Amino acid sequence: MLMTAFGGLMWLIFTAILVLAVVALVLAAIAREDAYRAADKQNKMFWLIILGVTVAVNLTLPYLFLQLAGLVATIVFFVDVRPALRQVSGGGRGRRGGSSSDGPYGPYNGGR
């Protein structure tokens, strides 16, 4: 009984890791090549290879160490690379209806 519950939990965790890796791969693929250079990150091909290998490892190899290494790469992409790509691509605050002069606490009014 306990082993069945543990197996189900592990399957759920591995599935979540795979879904995160696939989402990261898709997001890396749709980002523009020049955005990677503008954000001063590794190039697009580097991230496509790293995340593609991560997806392949999660689909084929049952080695926890390799899956955790891929999870680290996926987390780095989501935490570091993707926000930088969104910032240089103009995908940050502008989509929520803000102005280009908006700061983190509202619009900048020139010190008035």
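Author: Lys41 is partly exposed, because its relative accessibility is 26%. This is a predicted model.

Reader: Which residue forms a salt bridge with Lys41?

Author: Start with the general idea. Side chains of opposite charge can pair when their charged atoms come close. Here the partner is Asp80, and the closest N and O atoms are 3.0 Å apart. Asp80 lies in helix α4 (residues 64-89) and Lys41 in the loop between α2 and α3 (44-60), so the pair ties together parts that are 39 residues apart in sequence. Asp80 is partly exposed too, at a relative accessible area of 36%.

Reader: How many salt bridges does the count give?

Author: Three. One of them joins Asp34 and Arg32, with the closest N and O atoms 3.0 Å apart. Asp34 is partly exposed at 35% relative accessible area. Arg32 is partly exposed at 45%.

Reader: What separates Glu33 and Arg37 along helix α2?

Author: About one helical turn, because they are four residues apart in that helix. Glu33 and Arg37 form a salt bridge, and their closest N and O atoms are 3.7 Å apart. Glu33 is partly exposed, with a relative accessible area of 32%. Arg37 is exposed, at 56%.

Reader: Is Tyr36 buried or exposed?

Author: Read the relative accessibility against the cut-off: buried means under 20%. Tyr36 has 0%, so it counts as buried. Tyr36 lies in helix α2 (residues 33-38).

Reader: Which residues is Tyr36 in contact with, leaving aside its neighbours within four places in sequence?

Author: With those neighbours set aside, the list is Ala28, Ala31, Lys41, Gln42, Asn43, Lys44, Trp47, Phe77, Val81 and Leu85. Lys41, the salt-bridge partner of Asp80, is among these contacts of Tyr36.

Reader: Is Trp11 buried or exposed?

Author: The cut-off for exposed is over 50%. Trp11 is exposed because its relative accessibility is 59%. Trp11 lies in helix α1 (residues 2-30). With Leu9, Leu12 and Ile13, Trp11 makes a nonpolar surface patch of about 430 Å².

Reader: What does the secondary structure of the chain come to?

Author: Four helices and two strands. From the N terminus, the order is α-α-α-α-β-β. Of the 112 residues in the chain, 21% are buried. The chain exposes about 7900 Å², and carbon and sulfur atoms supply 68% of that area. Take the contacts between residues at least 6 apart in sequence: 59% of them join residues at least 24 apart.

Technical notes. Residues are numbered from 1 along each chain as its sequence is written. This is a predicted model: local features need pLDDT of at least 70, side-chain atom pairs count only at pLDDT 80 or more; totals for chains, interfaces and linings use all residues. Side-chain values use heavy atoms; hydrogens and water are left out. Patches are made of residues with over 30% relative accessible area and no salt bridge: like charges are joined within 9 Å, nonpolar side chains (Val, Leu, Ile, Met, Phe, Trp, Tyr) within 5 Å. Accessible areas come from the Shrake-Rupley method with a 1.4 Å probe; for residues, only the protein chains shown count as cover. A salt bridge is a side-chain nitrogen of Lys or Arg within 4 Å of a carboxyl oxygen of Asp or Glu. Buried means under 20% relative accessible area, exposed over 50%, partly exposed in between (1.4 Å probe, protein chains only). Contact means heavy atoms within 4.5 Å.
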